[in-house]
Amino acid sequence: MDPVDALEKVTDYQSFLAFVRALAADWEDEVAKEKLNPSSPWGPGANGWENGTIGQYLDAALACAEGHAALKGTLDKEPSWRAFAEFLYCGKIYE
């Protein structure tokens, strides 16, 4: 399943876990693609991943959460499985 499609379906614990599985599979797919045909180091990878290390990924997720009022308001007022999934997805796309 595509991570964006899985993200849209997050409503509870089980759908959150399905999203995390989709995100992990997307990462593994990108790693395999990058081994065969590396992308430019100045842009996203084959599947759109902006961050290639766990440190970069966590920094990006945190920066996104702190910098985007909509996500920050969701996370600090009424946390939900969907908000946590959005936080994790930000680690993929935010630079």
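**From values to terms**

Mentor: In this predicted model, Trp 81 counts as partly exposed because its relative accessibility is 36%, which falls between the limits of 20% and 50%.

Trainee: What makes Phe 16 buried?

Mentor: Phe 16 has a relative accessibility of 6%, and buried means under 20%, so Phe 16 counts as buried.

Trainee: How many aromatic pairs are there by the rule for rings, and why is the pair of Phe 16 and Trp 81 called tilted?

Mentor: The count comes to 6 aromatic pairs.

Trainee: Why is the pair of Trp 27 and Trp 49 called edge-to-face?

Mentor: The two rings lie 5.0 Å apart, centre to centre, with 65° between their planes, and because an angle over 60 degrees counts as edge-to-face, that is the term for this pair. Trp 27 belongs to helix α2 and Trp 49 to the loop between α2 and α3, so the pair ties together parts that are 22 residues apart in sequence.

Trainee: How do you know which of these two residues, Trp 27 or Trp 49, is buried and which is partly exposed?

Mentor: Trp 49 has a relative accessibility of 7% and counts as buried, whereas Trp 27, with a relative accessible area of 27%, is partly exposed; the cut-off of 20% separates the two terms. Ring pairs also join Tyr 13, Phe 16, Trp 81, Phe 84 and Phe 87 into a cluster.

Trainee: What makes the span of helix α2 close to the expected one?

Mentor: Helix α2, residues 13–36, has 24 residues and reaches 35 Å from its first C-alpha to its last, which is close to the 34 Å expected at 1.5 Å a residue. Its buried residues, among them Ser 15, Phe 19, Ala 22 and Leu 23, pack against α1, α3 and α5.

Trainee: How do you know that Asp 12 caps the N-terminal end of α2?

Mentor: A side-chain oxygen of Asp 12 lies 3.4 Å from the backbone nitrogen of Gln 14, and because a polar contact requires such atoms to be within 3.5 Å, the distance meets the cut-off. The side chain of Asp 12 also makes a polar contact with the side chain of Ser 15, at 2.8 Å.

Trainee: Why is Ser 15 called buried?

Mentor: The relative accessible area of Ser 15 is 14%, and because the limit is 20%, Ser 15 is buried. Leaving aside its neighbours within four places in sequence, Ser 15 is in contact with Lys 9 and Val 10.

Trainee: What makes the protein chain as compact as a globular protein of its length?

Mentor: The chain has 5 helices and 0 strands. Its radius of gyration is 14 Å, close to the 12 Å that the globule rule gives for 95 residues, so the chain is as compact as a globular protein of that length. Buried residues make up 32% of the 95 residues.

Terms used. Residues are numbered from 1 along each chain as its sequence is written. This is a predicted model: local features need pLDDT of at least 70, side-chain atom pairs count only at pLDDT 80 or more; totals for chains, interfaces and linings use all residues. Side-chain values use heavy atoms; hydrogens and water are left out. Helices (H or I, at least four residues) and strands (E, at least two) are DSSP runs, numbered from the N terminus. The expected span of a helix is 1.5 Å times one less than its number of residues. Buried means under 20% relative accessible area, exposed over 50%, partly exposed in between (1.4 Å probe, protein chains only). Contact means heavy atoms within 4.5 Å. A polar contact is a pair of N or O atoms within 3.5 Å; within protein, one must be able to donate a hydrogen and the other to accept it, and residues adjacent in sequence count only if both atoms are side-chain atoms. Rings of Phe, Tyr and Trp (its six-membered ring) pair if their centres lie within 6.5 Å; planes under 30 degrees apart count as stacked, over 60 as edge-to-face and the rest as tilted. The radius of gyration is taken over C-alpha atoms; the globule rule is 2.2 Å times the number of residues to the power 0.38.
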